[in-house]
Amino acid sequence: MADAISRQAFSDLIGSVYDCALDPSRWEQTLADISEALDCFAPLLALSDLRHDRLLLQKAAGLEAPTLEQLPKHAAEIHARLRDVLASWPSFDEPYVMSRHLSPAYIEKSPYFQEWQNPAGMVDFMLFFLMHEPSHLSTFGVGRNERQGIITEREIELGKLLLPHLRRAVTISKVLDVRAIAGERMAEALDALRCAVVLTNEHGTILHANRPAEHMLDEGGPIQSPQGVLQATAPSAASELRSAITLAAGNEAGIGKTGLAIRLTEPDVPPIFAHVLPLTRSDFRTRLQPAAVAAILIGAPPDAQDGADAVAAAFGLTLAETRVLASLFAGRTLAETAATLGITRPTAKTHLEHIFLKTGVTRQAELMRLWTGLIAPTRSNG
């Protein structure tokens, strides 16, 4: 870490990333700061519609408006290339680097490179995959100019350290479904959110719960508050939630190494997840509640069939495997899945084993996390 960037500078950078989860207008400055730390230029955070070859969202720094305006015209070529790459990419935690993964012959004949990237002065780029669904792809990339040279292990290492925090921030923004939160009207803003939000101190003591969270606590749902302390009702989630809050209190960098979602419900009931947003080390985020160290956002994941389709597209599942996966995502046990689909339990188990092999996970709980698109395990080469 010391050779790439100071520990304090890295911590400040992570704090800025999490600020963007609450206020997307901060992305431009944060992207510029990341680019400077990486000794790169033209950072770009993008959300792409793969089905219609459109760029739905792009946040950038250091690129002139006319240059950015020309990028969408190359979306079809970019997406076609990325679809080919993702079909066999070994791990979503590894970046796609131009100088390492693209042939000179491809670059020479590519309209995108000849008409956009080369005129922009970019001699190399590094692209990280944040989220991948059948219809959408979220990426973060940076380029290098002739003075900076090609991407080296230093930039790759630092980028990989930032990757889980970028994923978490983008995910929490999506869960919040809010464009920005005004600090001076924080209670009203939190109450307006559809998902449950709980603010806690370092001991897990509840400092604020919005209306959906209060309802969840009153109804005896997946969270409870004995002596005013937030706890997961399910024993399997209680320890993980406590650990995440502890990490948020003392080490924002450390929380990025954990899974990005905590399943609060047991495997035999429909899943509900918690996402933990660190609130320390930022004047902006501490306006939520000065003593709060974490915001815990709680809600159900996307539709079960959509989730199964997303995993199937990413990992090449068969139709039969996808049906089994959708049933499990809907909260059914393996036995119930077999009965619902009209197959034997051994057949359902075989399909599940094939799903494990293709996705590279070993437990149903990990499949549930994979569903949300919040973690990206290494693909199996089999």
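In this predicted model, helices H1 and H2 lie roughly antiparallel to each other, and the reason is the angle between them: at about 155°, it is over the 145 degrees that sets the cut-off, so the pair gets that label. H1 covers residues 7-22 and H2 covers residues 27-37, and their axes sit 9 Å apart. As for handedness, H1 and H2 cross in the left-handed sense. On the H1 side, the residues that do the touching are Leu-13, Ser-16, Val-17 and Cys-20. Facing them from H2 are Trp-27, Thr-30, Asp-33, Ile-34 and Ala-37. Sorted by class, that contact has six nonpolar residues, two polar ones and one charged one.

H15 runs over residues 319-329 and H16 over residues 334-341, with axes that come within 9 Å and cross at roughly 125°. That angle makes H15 oblique to H16. The crossing here is right-handed, whereas the one between H1 and H2 is left-handed. H15 brings Arg-323, Val-324, Ser-327 and Leu-328 to the contact, and H16 answers with Leu-334, Thr-337 and Leu-341. By class, this contact of H15 with H16 comes out at four nonpolar, two polar and one charged.

Moving on to the strands, S1 (residues 41-49) and S2 (residues 54-60) run antiparallel and are joined by six bridges. S1 and S2 make a hairpin, with four residues between the two strands. Asp-53 belongs to that turn, in the loop between S1 and S2. What stands out about Asp-53 is its backbone: phi is near 50°, a positive value in a residue other than glycine. For context, most residues other than glycine have a negative phi. Asp-53 counts as partly exposed, because its relative accessibility is 27%.

There is also an open sheet of five strands, ordered S7-S6-S12-S11-S10, with antiparallel pairing. S7 (206-209) and S10 (262-263) are the edge strands; each has a single partner strand, so one side of each has no neighbour in the sheet. Within this sheet, S11 (residues 273-278) and S12 (residues 294-299) pair in the antiparallel sense through six bridges. Pro-278 takes part in this pairing, with Ala-294 in S12 as its bridge partner.

Gln-227 is another residue with a positive phi, near 55°, and it too is something other than glycine. Gln-227 sits in the loop between strand S8 (223-224) and strand S9 (231-232). With a relative accessibility of 77%, Gln-227 counts as exposed, because that value is over the 50% cut-off. Gln-224, by contrast, is in strand S8 itself. Its relative accessible area of 32% puts Gln-224 in the partly exposed class.

Leaving aside neighbours within four places in sequence, Gln-224 is in contact with Leu-217, Val-229, Leu-230, Gln-231, Ala-232 and Thr-233. In C-alpha terms, Gln-224 and Ala-213 are 9.9 Å apart in space while being eleven residues apart in sequence.

Ala-365 counts as partly exposed, given its relative accessibility of 37%. The C-alpha atoms of Ala-365 and Pro-271 are 9.8 Å apart, although the two residues are separated by 94 residues along the chain.

Zooming out to the whole protein, the secondary structure amounts to 18 helices and twelve strands. Of its 382 residues, 51% count as buried. Looking at contacts in the protein with a separation of 6 or more, 60% are between residues 24 or more positions apart.

Key
Residues numbered from 1 in each chain as written. Predicted model: local features only at pLDDT ≥ 70, side-chain atom pairs only at ≥ 80, totals over all residues. Heavy atoms only, no water. Axes fitted to C-alpha atoms, helices over the stretch in contact; angles between N-to-C directions. Parallel < 35°, antiparallel > 145°, perpendicular 65-115°, else oblique. Left-handed = near helix turned anticlockwise from the far one by under 90°. Contact = heavy atoms within 4.5 Å. Nonpolar A, V, L, I, M, F, W, Y, C, P; charged D, E, K, R; others polar. Buried < 20%, exposed > 50% of the residue type's maximum accessible area, 1.4 Å probe, protein only. Pairing = 2+ DSSP bridges.
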